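Subject: Structure handover

Dear colleague,

Here is the structure you asked to look at. Please open it next to this message, and my notes follow below.

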Amino acid sequence: MGDEPVLECRGLRKVFGENTAVDGVGFSIAAGETYGLLGPNGAGKTTTISMVAGILERDAGDVLVEGRVHSPRDGRGKSAIGYIPQELAIYPDLSATENLRFFARLYGLSRARARARTAEVLEVIGLADRAKEPVKQYSGGMKRRLNIGIGLLHEPRLLILDEPTVGVDPQSRNAILESVARLAAEGAAVLYTTHYMEEAERLCDRVGIIDEGRLRAEGTRRELVGLVGENDRVLLTAEGDLAAAAEAAGKLPAVRQAGHGEGRVDLLVESAREVLPAVLDTVTRAGAAVRAVEVREPNLEAVFLHLTGKALRD
Amino acid sequence: MRAVLLIAGNDLRQRLRDKSLLIMAILVPLGLTLVLNLVFGGLENEEIAAFAVADQDNGPVATQFTGRVLGALEREGVVDVRRVRTPEEGRALTEEGAVAASISIPPGFSQAVQAGRPAVIRIVGHVDRPVGVQVARSVVEAFAAELRYVQIAVATAGGPPERVAGEAAQAPAPVRFAEAEAARRQLDIGANMAAGMAVFFLFFTVQFGVTSILDERRDGTLARLVAAPIPRSAILAGKLLSSVVVGTASMAVLLVASGLILGVTWGDPLGVAALVLAGVLAATGVMGVVATFARNAEQAGGQQSVVAVLLGLLGGVFLPVAQLGAALSVVSLATPHRWFLRGLSELADGGGPGRVAVPVLALLAFALVTGAIAMARVGRMLRP
């Protein structure tokens with residue numbers, strides 16, 4: 001991950017009539033970093049990235065791409081951005097090759113370079129063998145892959161994905177998430193909006209929680225969870241003297257709470273990953289045979305609930 | 001410019017795969033032209049032109065009619081006169097449809113006229129050729145009125161009956177086509193229908209240009225175009241350019257095809273090209289402005305169709321402007337159709353490109369004004 005931010009947003013604001021869609025949003029993304037904007041529908045995610053992508057004029061604030069102020073009329077800034085909209089944005093009567101080549105040329109690639117990149121991207125998105133068919137004959141997943149592929153053509157330093165997995169089957173969703181992770185690993189800065197907590201947790205190095213146009217908090221997953229102050233929960237499926245096992249585990253310094261039920265020891269700990277070896281050793285010594293271990297860390301859903309008083313899918 | 005060409009090229013690629021464009025731009029106007037020409041084409045070529053005349057009198061007054069009146073019209077190319085020996089022969093030709101009407105002058109006609117007695121010229125018309133029959137009746141009535149004027153003049157002067165023929169010969173020709181010059185500058189029916197259909201459907205052909213911005217907004221691709229490193233004006237310019245290319249191509253195909261199929265001669269090619277290009281630009285501008293008032297492509301299509309039909313009606317596509325009345329005739333000048341048809345009429349007379357300078361300038365003015373309004377209003381359309 002590089003130190004210099006590829007994208008820096010400061011005090012972004014957008015008002016539609018009486019409705020303030022985005023109010024003072026600011027964040028930055030370094031090269032190789034994936035930044036997630038997590039919020040429910042209508043939180044201001046799409047408006048924010050539309051301003052970043054130069055699609056929407058902002059009422060206030062700054063967007064800097066690679067240190068340069070970026071505006072909707074800034075061709076150079078736009079060349080650095082790969083924008084992948086939420087809805088499919090492809091020409092159904094054209095083939096994948098024609099779609100890709102058109103957008104490659106529109107982003108300033110020479111004819112030869114456009115041809116070469118089209119071939120490369122077709123391989124990456126797995127459509128090389130059906131590249132000549134009209135897109136309208138593709139399955140939904142194939143269209144999604146093409147939709148993403150178009151954003152990759154000009155090898156952007158900043159990739160913006162607006163909820164790319166909405167309405168996508170689990171297999172395609174997994175492929176999309178893997179593609180995004182690979183792009184970030186190759187050095188692209190990624191801005192990813194989602195209202196799926198699982199995606200944000202899996203994909204993003206840092207997450208900004210946005211609601212009603214305001215950025216409520218941002219940080220790594222652990223930093224955000226730390227804001228809530230919740231502990232990890234460790235569930236041990238076990239046999240033997242479970243009462244003794246729970247009592248022994250409860251005496252460990254990192255264990256905040258210990259209990260037991262039918263075939264189960266239930267512990268509340270500060271950091272499950274650190275304390276788990278000691279817990280397992282203690283309960284085994286106390287006479288319990290552990291069959292399975294389940295760790296439940298506090299998630300972003302809980303953070304969102306804590307910060308906004310409502311669930312992500314509200 | 002590169003972005004404009006790319007967007008226009010992309011649009012054209014998609015249009016060429018859309019069969020409805022071929023149907024709307026070429027097949028329907030050409031088909032309608034052919035059908036209308038079959039229905040109305042004979043009206044002009046045969047009914048108006050062909051008469052049979054049986055002169056059984058051969059007297060001086062009858063000769064005045066067949067020689068001086070009909071002969072003059074024949075020389076003007078307005079009528080085609082077939083001289084027959086008997087009224088029955090003329091009637092047979094009329095019944096066969098070989099002529100629109102037969103005119104018979106009975107024996108003793110000249111004598112009766114000279115004596116101041118009632119005299120009759122009989123007209124037998126074909127039932128399905130009302131225009132040709134009306135023309136024959138008008139010619140005969142005009143001659144009869146002239147004879148009455150001469151009879152009264154001779155009777156008042158107290159001259160001998162023989163003077164009637166002499167006076168009649170001296171009197172101005174009772175039937176003349178004083179507007180013959182203007183008549184030649186009108187397109188014939190086939191050409192007028194072909195040109196009318198071409199310019200009428202041109203407005204439907206070019207309507208996709210700006211409207212496709214609304215399509216792209218619906219389909220999500222507009223966001224991608226706006227996010228690309230190109231000026232937003234290039235998007236509109238590309239759309240307009242693709243309309244102009246398709247409109248020009250369809251007009252060229254229609255005019256050439258109607259020339260080949262119907263034998264229409266359009267006149268100076270340079271003048272026709274200037275008119276076509278100016279007409280396409282005007283149509284593109286008008287349809288572009290209408291599209292900027294719509295919220296979606298469907299609404300735009302509906303509004304554009306209404307405007308195209310109204311302008312076509314007012315512009316003389318379906319009815320000659322002269323039949324619209326004085327007020328509407330003036331209003332028709334506010335339509336590109338009127339100027340386009342007028343330009344073609346000017347060229348039909350055999351003039352050079354200079355003859356269409358005024359129509360071309362008028363069409364370019366339409367294009368300029370509507371294009372400027374479309375440019376000014378298109379900003380709101382380019383919000384994804």
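The notes below take chain A and then chain B. Please keep in mind that this is a predicted model.

Chain A, the open sheet

In chain A there is an open sheet of 4 strands, with antiparallel pairing and the order 12-13-11-14. Strand 12 (255-261) and strand 14 (288-296) of chain A are at the edges; each has a single partner strand, so one side of each has no neighbour in the sheet. From one strand to the next, the twist averages 20°. Strand 11 (residues 232-240) of chain A runs antiparallel to strand 14 of chain A, and 8 bridges join the two. One pair to look for is Glu239(A), whose bridge partner in strand 14 of chain A is Ala289(A).

Helix 9 (residues 242-250) of chain A touches strand 11, strand 12, strand 13 (264-269) and strand 14 of chain A, and its direction makes about 175° with that of strand 12 of chain A. Helix 10 (residues 272-285) of chain A also touches strand 11, strand 12, strand 13 and strand 14 of chain A; the direction of helix 10 makes about 165° with that of strand 14 of chain A.

Chain A, strands 1, 4 and 5

Strand 1 (residues 5-16) of chain A pairs with strand 4 (residues 60-65) of chain A over 5 bridges, in the antiparallel sense. Within strand 4 of chain A, Asp62(A) is the residue opposite Arg10(A). Strand 4 of chain A is also joined by 2 bridges to strand 5 (residues 68-69) of chain A, again antiparallel, and Leu64(A) has Val69(A) in strand 5 as its bridge partner. Strands 4 and 5 of chain A form a hairpin with 2 residues between them, and Glu66(A) in the turn has a positive phi of about 50°.

Chain B

An unreviewed UniProt entry lists several stretches of chain B as "transmembrane region", among them residues 240-266 and 272-294. In the model, residues 240-266 of chain B are 85% helix and 0% strand, with end C-alpha atoms 27 Å apart. Residues 272-294 of chain B are 91% helix and 0% strand, and their end C-alpha atoms lie 33 Å apart.

Gly352(B) sits in the loop between helix 16 (336-348) and helix 17 (357-377) of chain B. Gly352(B) is partly exposed, at a relative accessible area of 30%. Its C-alpha atom is 8.0 Å from that of Gly267(B), 85 residues away along the chain. Setting aside neighbours within four places in sequence, Gly352(B) is in contact with Asp268(B) and Leu347(B).

Regards

Methods. Residues numbered from 1 in each chain as written. Chains lettered and ligands numbered in written order. Predicted model: local features only at pLDDT ≥ 70, side-chain atom pairs only at ≥ 80, totals over all residues. Heavy atoms only, no water. UniProt positions renumbered as here; feature names shortened; annotations may be inferred. Pairing = 2+ DSSP bridges. Buried < 20%, exposed > 50% of the residue type's maximum accessible area, 1.4 Å probe, protein only. Contact = heavy atoms within 4.5 Å. Axes fitted to C-alpha atoms, helices over the stretch in contact; angles between N-to-C directions.
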